[in-house]
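Hi,

Here is the structure I promised to pass on.

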Amino acid sequence: METKIKQGKIVMCLKEDLVASQVEALAAEANLVLENKAGTLTDVVLDAGDINFIDSRGISFVVALYKTADQAGLGFSLTGLSKEMFDLCALMRLDEVFPISQR
Amino acid sequence: MEITLASTYEQVDGAIKNVMAYAACGLGLSNGRFLFELDFVMRELLNNAVEHGNGGNPDKMIVFEIKTEDAILQVCVVDEGACFDGQALAKILRQAGPVRAAMLPEGLAERRRGLVTIAQLGWILEVSPGRVVAWRRMSDILAEK
């Protein structure tokens, strides 16, 4: 995962498909980044523009990250989804919880 | 096609890669949207077998099979655990009913989405101790093109 910060917005760019084998390491990395930047951020953007698949464990990671951001008073969005990933997230009604968008 | 794998997510990744190649070449499935859906279904069943069926014990094995028979595409996962009990499965599948509002309480749930989503995608789930089968009619799959 690569991270970029600009004007209080942190963009976390996923580089591996968001599947069960990746989730534990990604969660640790994301939480560490957020802890280190606590107090300096306004928004968290999770960018899926470079990946092509997400499974239910990946969805769990996204929801957990949203909750962490929300509890810290930060905005959250999921961007860069393929059509298939977008439709899956919409089926799970994530679009009613936070903004999601296609690439 | 049948694959036996150890109970790790890394083994699931490897199995899925091989099965997806087989689905495209061996079964002639070319609909990208359906292949995505198939990938999701297989991963969910295999991940459940790793986590719930075999309790994350890499010494326990999982047997996965995908086949077409009588115009039905079927995937079957067998693990060494007891799998779901009947009441738990019935509850999960009730959530997958036609009323989407049934999902509302799960909107912020971090877990327990997979089987509901599989059912919502139109797959039929059959569960018995240590064994889960998911299937769809090929005619429905082809109609989605």
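**What I found**

Of the 145 residues in chain B, 31% count as buried (a residue is buried if 20 or more other C-beta atoms lie within 10 Å of its own, exposed if 12 or fewer, and partly exposed in between, with C-beta atoms placed from the backbone). Bear in mind that this is a predicted model, where local features need pLDDT of at least 70 and side-chain atom pairs count only at pLDDT 80 or more, while totals for chains, interfaces and linings use all residues. Residues are numbered from 1 along each chain as its sequence is written, and chains are lettered from A and ligands numbered from 1 in the order in which they are written.

Chain B first. It has five helices and five strands (DSSP runs numbered from the N terminus, with helices being H or I of at least four residues and strands E of at least two). Along the sequence the pattern reads β-α-α-β-β-α-α-β-β-α. Among contacts in chain B between residues at least 6 apart in sequence, 65% join residues at least 24 apart (two residues are in contact if their C-beta atoms, placed from the backbone, lie within 7 Å).

Helix H2 of chain B (residues 32–53) is worth a click. Its 22 residues should span 32 Å at 1.5 Å a residue, and the end C-alpha atoms are 30 Å apart, which agrees (the expected span is 1.5 Å times one less than the number of residues). Of the 22 residues in H2(B), 17 are buried, so this helix is largely enclosed by the rest of the structure. B:Leu38 is found in helix H2 of chain B, and B:Leu38 is buried, with 26 other C-beta atoms within 10 Å. B:Leu38 and B:Leu125 are 87 residues apart in sequence, yet 14 Å apart in space, C-alpha to C-alpha. Just after H2(B), B:Gly55 takes a positive phi of about 60°.

Now chain A. Helices H1 (residues 20–36) and H2 (residues 56–71) of chain A pack at an angle of about 15°, with their axes 9 Å apart (axes are lines fitted to C-alpha atoms, for helices over the stretch in contact, and angles run from 0 to 180 degrees between N-to-C directions). That makes H1(A) roughly parallel to H2(A) (under 35 degrees is roughly parallel, over 145 roughly antiparallel, 65 to 115 roughly perpendicular and the rest oblique). On the H1(A) side, the residues that meet H2(A) include A:Leu26, A:Ala30 and A:Leu34, and among those they meet in H2(A) are A:Phe61 and A:Leu65. The residues of this contact divide into nine nonpolar, three polar and one charged (Ala, Val, Leu, Ile, Met, Phe, Trp, Tyr, Cys and Pro count as nonpolar, Asp, Glu, Lys and Arg as charged, and the others, Gly among them, as polar).

Where the two chains touch, the contact takes 18 residues from chain A and 20 residues from chain B. H2(A) gives the most to the side of chain A that touches chain B, with six residues. The residues on that side divide into 10 nonpolar, three polar and five charged.

A:Arg93 has a positive phi near 65° in a residue other than glycine, and A:Arg93 is partly exposed, with 15 other C-beta atoms within 10 Å. B:Asp70 has a positive phi of about 50° although it is not a glycine, and B:Asp70 is exposed, with 7 other C-beta atoms within 10 Å.

Cheers
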